[in-house]
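User: Please take a close look at one part of this model, a helix and what surrounds it. I would like a connected account.

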Amino acid sequence: MSFAQDIPSKLLKGIEIEKDEFTGQTTYHAKNCCLSIVHGNDSIILYISLSCSSFDTPIKLKKIYVLTNGETKTIDGKFNIKEVPVRVMTSNSTGTFGTSSYKGTQFGTRMNYVEEWKENAEPYMSMIKSIISNSGKVKFEGENNTLYLEFSAKDIKRMGNILSLFEYLTK
């Protein structure tokens, strides 16, 4: 049986549930949300993860800065990087499909480098609540590049939904 059956449907709106039959863990997450919940046999852990990506050259993250409500939180340390091949269109198709004038689309492959930081969210709870209340910005500083992100209203709503679910599960 799924643990989610005991949770009011209002709290699960927009939240995806994945059950790992091998480990018995249930993961709750929302699309494009930096928060997720892992419910194990006897533990419930809220995780925060921030990630960025770039084509062809890794960013080589050194630090992440989170600005919210006039305060900056600096995160440095364990960054994970993975290379993901991405199929991209190198030339458009011409002519009408199914006729002799049709010339097919050409595709190539580019490498997308995804760099991520993931930790237990408990030490960052004041920052998370501040982002949900006041919005925020993130700066990914790397050796090769610096990227900026601003949390949208949808991002903040998803974070609030995950946090509400976490508070419900841990009460």
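Analyst: D155 is buried because its relative accessible area is 16%, where buried means under 20%, exposed over 50% and partly exposed in between, with a 1.4 Å probe and protein chains only. This is a predicted model, in which local features need pLDDT of at least 70 and side-chain atom pairs count only at pLDDT 80 or more, while totals for chains, interfaces and linings use all residues. Residues are numbered from 1 along each chain as its sequence is written, and side-chain values use heavy atoms, with hydrogens and water left out.

D155 lies in helix α2; helices (H or I, at least four residues) and strands (E, at least two) are DSSP runs, numbered from the N terminus. A polar atom of the D155 side chain lies 3.0 Å from the backbone nitrogen of S152. Once neighbours within four places in sequence are set aside, D155 is in contact (heavy atoms within 4.5 Å) with N32 and E150.

Helix α2 has 18 residues and spans 26 Å from its first C-alpha to its last, close to the 26 Å expected at 1.5 Å a residue; that expectation is 1.5 Å times one less than the number of residues. Besides D155, the buried residues of α2 include I156, M159, G160, I162, L163, L165, F166 and L169. The buried residues of α2 pack against β2 (26-29), β3, β4, α1 and β10 (146-150).

The largest nonpolar core has 36 residues, of which L35, L46, I48, L50 and I64 touch the most other members. Such a core is a set of buried Ala, Val, Leu, Ile, Met, Phe, Trp, Tyr and Cys residues joined through side-chain atoms within 4.5 Å. At least two residues of this core come from each of β3, β4, β5, α1, β9 (137-142) and α2, and α2 gives the most, with seven residues. Apart from neighbours within four places in sequence, I64 is in contact with L50, K73, T74, I75, F79, W117, V138, K139 and F140.

The other helix, α1 (residues 125-134), has M125, M127, I128, S130 and I131 buried. Among the elements covering these buried residues of α1 are β3 (35-39), β4 (44-55), β5 (61-68), β6 (71-75) and α2 (153-170). S133 is also in α1, but S133 counts as exposed because its relative accessibility is 60%. The C-alpha atoms of S133 and N69 are separated by 8.7 Å, although the two residues are 64 residues apart along the chain. Just after α1, S135 takes a positive phi of about 70°.

Note on methods. A polar contact is a pair of N or O atoms within 3.5 Å; within protein, one must be able to donate a hydrogen and the other to accept it, and residues adjacent in sequence count only if both atoms are side-chain atoms.
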